[in-house]
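Please consult the sequence and the structure alongside the text.

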Amino acid sequence: MFALAAAAALQAVPPGEEPVDPYTQSNGNAGAKPFEGTAMLDAFHGRAGIDRIVEDLVERINADKRISAILEKQDMVRLRRLLKEQFCYILNGGCDYSGRTMKDAHKDLGIQNADMGALVEDLQAAMRKEGVPFFAQNRFLAKLAPMRRDTVER
């Protein structure tokens, strides 16, 4: 009981976001270990590039009729912040990830394999727009791929 109350006290709601049930924050929740060195972060044009990619990705998802319904009831401010943290953490940009586990974050969203395919296409388009080299796109997607088992329901 004390641990739950302490966790709730530590998880202040950032401005513009809706409150969520308390959970244990850990970089281990990001779903992947970070790359070593800074080559991948450089390929993504640093934190500013990550921010632009995430903003573009979220816009693409919202406009993508194949998957936009999945996010209709989601806290988009929180989603943007957590995607930026997650990408920055994985790209070894010196960020910590404060979100839930991939399994908990995607529970009951009804995500299917085709939805993941559409999301990957939208992410590839956002990375292309940012000028991320093809080899770096593929390395990043390979790092994210194992998360499919925790996000797809069937």
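## Packing of helix 6 and helix 7

Helix 6 contributes V120, L123, Q124, M127 and R128 to a contact with helix 7, where the partners are Q137, F140, L141 and L144. By class, this contact of helix 6 with helix 7 comprises 6 nonpolar, 2 polar and 1 charged residues. The model in which these contacts are found is a predicted one.

Helix 6 spans residues 113-130 and helix 7 spans residues 134-144. The two pack at an angle of about 145 degrees, and their axes lie 11 Å apart. The crossing of helix 6 and helix 7 is right-handed.

## Overall architecture

The secondary structure of the protein chain consists of 8 helices and 0 strands.

Along the principal axes, the C-alpha atoms fill a box of roughly 50 × 35 × 30 Å.

## Burial, surface and contacts

Of the 154 residues in the protein chain, 40% are buried. The chain exposes about 8900 Å², and carbon and sulfur atoms supply 55% of this area.

Among the contacts in the protein chain with a separation of 6 or more, 75% are accounted for by residues 24 or more positions apart.

## Two residues between helix 1 and helix 2

E17 is placed in the loop between helix 1 (2-10) and helix 2 (39-43). E17 counts as buried because its relative accessibility is 10%, and the cut-off for burial is under 20%. When neighbours within four places in sequence are left aside, E17 is in contact with D75, V77, R78 and R81.

V20 also lies in the loop between helix 1 and helix 2. With a relative accessible area of 34%, V20 is partly exposed, because this class covers values between the 20% limit for buried and the 50% limit for exposed. The C-alpha atom of V20 is separated by 29 Å from that of E121, a residue 101 residues apart from V20 along the chain.

Technical notes
Residues numbered from 1 in each chain as written. Predicted model: local features only at pLDDT ≥ 70, side-chain atom pairs only at ≥ 80, totals over all residues. Heavy atoms only, no water. Axes fitted to C-alpha atoms, helices over the stretch in contact; angles between N-to-C directions. Helix = DSSP H or I, 4+ residues; strand = E, 2+ residues; numbered from the N terminus. Left-handed = near helix turned anticlockwise from the far one by under 90°. Contact = heavy atoms within 4.5 Å. Nonpolar A, V, L, I, M, F, W, Y, C, P; charged D, E, K, R; others polar. Buried < 20%, exposed > 50% of the residue type's maximum accessible area, 1.4 Å probe, protein only. Areas by Shrake-Rupley, 256 points an atom, 1.4 Å probe, with all protein chains shown as cover.
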